[in-house]
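These are my notebook entries on one chain, written in the order in which I looked things up. I begin with a single residue and then turn to wider features.

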Amino acid sequence: MSDAAAKSVQDERRSRLIRNGVLAVLALIVVLFPLIGDASMENTMILALIFAIGASGLNIITGYTGYLSLSQGAFLGIGAYVAAILGRSMPDISPFVWMPVAGLTAALLAMLLGLVTYRSRGASFVIITIAFLFLVQFVATQWVPVTNGTAGITFPLPTWSNAVWGNWPFHLVLVGLLALSILVSWWVRRTKFGTGLIAIREDEGKAGSVGINAPIYKLLAFGLSALFVGMAGTVYGYYLSFVDPIGMFSILNSVVIVLAIILGGRGTLLGPVLGAFILVPVDAFANNYLGGGNIRLLVFGGLLVLLVVLLPKGIIPTVQLLLEKRRTKGTVGLTGSITALADRPLPPPREKLAPVGDTMLLQVTGLEKSFGALKAVDGCTFGVPEGSITALIGPNGSGKTTVFNLISGLMTPDAGEIVLDGERIEGLAPWGRAHRGIGRTFQMTRLFREMTVLENVVAPLRDFQFRQLGLGAVSGSEAEKAEEFLEFVGMQAYRDARAGSLSYGQQKLVELAQILVLDPKLIMLDEPAGGINPTLIERMGGLIRELNDQGKTFLLVEHNMPFVLGLCNPVRVLARGQVIAEGSPAEIQKDPLVLDAYLGDDYMLENRSGDGAAAKGEGR
Ligand SMILES: Nc1ncnc2c1ncn2[C@@H]1O[C@H](COP(=O)(O)OP(=O)(O)OP(=O)(O)O)[C@@H](O)[C@H]1O
C-alpha cells in the first residue's frame, strides 16, 4: 500500500472513531435527559423525539425515494387515534400495547396512499399528500361514533406513579422507537431495496429500464416510512392524554417533519434526526418567548427561505462536502481511462460483416406513436436477426429514439406489435421487458448520478423476488458480474467514483457495463458513438464486436455512418416514422430513397407507392 493510501485509510479510521464517539455521547445525553428535572425542557425533548421518529421514517420516502410528502403528520395522528379508540373499549390495557397495531394501521394506510399516488410525482404528488391529511382530519371529525368527532378522546391516566417515574416511560419508549427507526433506515440503505429506492429517486424511468419494479419498491417504502411514526403517535396521544382532529392532524406537524429532513440533509441517515432536534426547540422558543400563534409560522417560513438559500443540501451533506474538500485538497482526480482501455487489445477487425440469419430475435410490426398531431412513428415494421448487430438509422427527428422508447417500454405504442424471442411484450412494463432480456442505453447517458460507479452497475435486476430486496446492495452474483464488466469496459479504476463526476465518454462505458449485468438477449444502444472522442469510438466499436462474437444481439441507433457501415449488418433506415429501406451496408449506401431521406427533399418518399418504389428498385 502506498503512503498516501495508508494515510487515507488511517484518516478514515480516525474520523469513524470520532464520529462514533460523538454519537455515543449524544445518545447517552438523549437517554439520560429527564435527569435534568426541568419540565419544559423535558416536554421539548419528548416532542423532539417524536418528530425525529417522524422525520427518520419520512426520510425513506422523501430522502431515499425522492417523493416529498406532507402527510407524515397524518400518520402520527392515525397512530394516536388507533390507540385512543382501542383504549376506549379496553381501558384496562396499557395504551403502549396498541403501538404495533397503530404502526401497522399507519403503514397500511400509507401503502394505500402509495397506490393512489402511483402515477403522480412532483407538485401533484405533494398536493395529493396534503389532500390526504385533510381527508383523514375530515374523517376524524365526522365519524363521531368511532372518533367522538371534534370532542376528541381522552386517554386513561398512566398507571405508574408520577412522583417516582414521571415521564421516563414515554421518554424511554420513544428513545427505543427512534433507535429502531434509525436502525431500519440504516439497513434499508445497505440493501438492494435501498439501492432501488435511490435509483427511483435519481431517475424513475431509467430504474424501470434496468429491471427495478418501481411500484412495489415505492409501496414498501411508503409502508415502512409510516410504521414507526404510527407507533410514536400512540405515545404522543398517551403523553398528551387527549386526541382531537385539530391538534392531531395539524399541517404544521407535517411541515416541521419535512423541514427537519431538509435542514439535516435529505437521504442521510442522521440528518433528519438532527433537523428535528434543532427545529423542535426553535418551535418551543417561538411559542414560549415570541408569542406563539402566527409567529411560529413566520419563524418556519423564514427558516425555509434561509435553508433553500444558504444550505440547499442540508447540514450533514454540507459538512461532508467541506470535509471531503479538505481531505482531497491538492490531490488530482483519477484520469487515464483511455490508457487503461488501450491496455486491452482490440479484437481483430473482421474480413466481412457477420451474415444475417433468418431467425428474428425482435420483430416490430406496424408500430405507431403520435404526440398530439405529430405522428412520430407511423407503421414502423422491421426485425432484428438473432446474433446480428442491426442498425437503425435515419435523419434527425425520424423517430428512432421514439422507437427505442416503445421497444424498451418507456412509452406505450398507440398501435402495433413487439415480439421478443417469440413473446409479445408491448403490454409489459419497462422492468418486465428488462426481465425478458432487453437492455438499453440512452442518447444522453442516464446513470444514477449520486451513486458510485459500482452501485450503478450493480443496480440492474434480471428478475424480481421479494427475498432479494433484503440482500446487501453490493452482493451476490451481480456484484461479481459488475466488477467483471467494469473491467471489460476499462472503468474498474473508477468503481468508487460518483457517477455524476465522470466524463461523458466514461459515462457511456459505465452505462454499457450497467446493462451487461442484466445479461440481455438484446442490447439496444442509442448513439453509442455520439459525443465521444475518436479513440473511444474505436474502443466502443471493439467492445460491441467482442460481445457480438460472444453471441449478443445488438440494435443500435447511430448517426456516425463510418461506424455503422463498418460494424452493422443489416441496416434499417427510418424516415418520418417508417422504415423506408433495409439491407446490407452496401445496399443501403446505394439506395436512392436513403440518399434522398438524408440529403434530398424527400420527394421520393412522398411518391413511394409510385415512382419512389420504382426508384428504390432501380437503386439496388
Ligand atoms: N415526448 C415527446 N413529446 C412530443 N414530441 C416528441 C416527444 N418525443 C419525440 N417527439 C417528436 O417526435 C419526433 C421524433 O423524435 P425522435 O427523438 O424519436 O427522433 P430521432 O430520430 O431519434 O431524432 P435524433 O436523431 O435527432 O435523435 C420529433 O419530431 C420529436 O420532436
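**Entry 1: one residue.** I opened the model, which is predicted, and went to Leu-133, a residue of helix α5, which spans residues 122-142. Is Leu-133 buried or exposed? I found 24 C-beta neighbours inside 10 Å of Leu-133. A residue needs 20 or more to count as buried, so Leu-133 is buried.

I then listed its contacts, leaving out residues up to four places away in sequence. Leu-133 touches Leu-70, Ser-71, Gly-73 and Ala-74, and also Phe-249, Ile-251 and Ser-254. I also checked Leu-133 against Ala-581: the two are 448 residues apart in sequence, and their C-alpha atoms are 57 Å apart in space.

**Entry 2: the whole chain.** I noted that the chain has 620 residues, of which 45% count as buried. I recorded 28 helices and twelve strands. Among contacts with a separation of 6 or more, 76% are between residues 24 or more positions apart.

**Entry 3: annotated spans.** I consulted the UniProt record, an unreviewed entry, which annotates several spans as "transmembrane region", among them residues 73-90 and 165-188. I examined these spans in the model. Residues 73-90 are 94% helix and 0% strand, with the end C-alpha atoms 26 Å apart. Residues 165-188 are 92% helix and 0% strand, and here the end C-alpha atoms lie 35 Å apart.

**Entry 4: a sheet.** In what order do the strands of the open sheet stand? I traced four strands, in the order β4-β3-β6-β7, with antiparallel pairing. Strands β4 and β7 (423-424) stand at the edges; each has a single partner strand, so one side of each has no neighbour in the sheet. I looked at one pair in detail: β3 (residues 360-371) and β4 run antiparallel and are joined by nine bridges. Val-364 stands opposite Phe-382 of β4.

**Entry 5: the ligand.** Which residues are around the ligand? I listed Phe-371, Leu-374, Ala-376, Gly-394, Asn-396, Gly-397, Ser-398, Gly-399, Lys-400, Thr-401, Thr-402 and Gln-443. Two elements give two or more residues to this shell, namely β4 (374-385) and α18 (400-408). The largest share, three residues, comes from α18. By type, I sorted the shell into eight polar residues, three nonpolar and one charged.

Notes
Residues are numbered from 1 along each chain as its sequence is written. This is a predicted model: local features need pLDDT of at least 70, side-chain atom pairs count only at pLDDT 80 or more; totals for chains, interfaces and linings use all residues. UniProt positions are given in the numbering used here, feature names are shortened, and annotations may be inferred rather than shown by experiment. A residue is near a molecule or strand if its C-beta atom, placed from the backbone, lies within 6 Å of it. Ala, Val, Leu, Ile, Met, Phe, Trp, Tyr, Cys and Pro count as nonpolar, Asp, Glu, Lys and Arg as charged, and the others, Gly among them, as polar. A residue is buried if 20 or more other C-beta atoms lie within 10 Å of its own, exposed if 12 or fewer, and partly exposed in between; C-beta atoms are placed from the backbone. Two residues are in contact if their C-beta atoms, placed from the backbone, lie within 7 Å. Two strands pair if DSSP finds at least two bridges between them.
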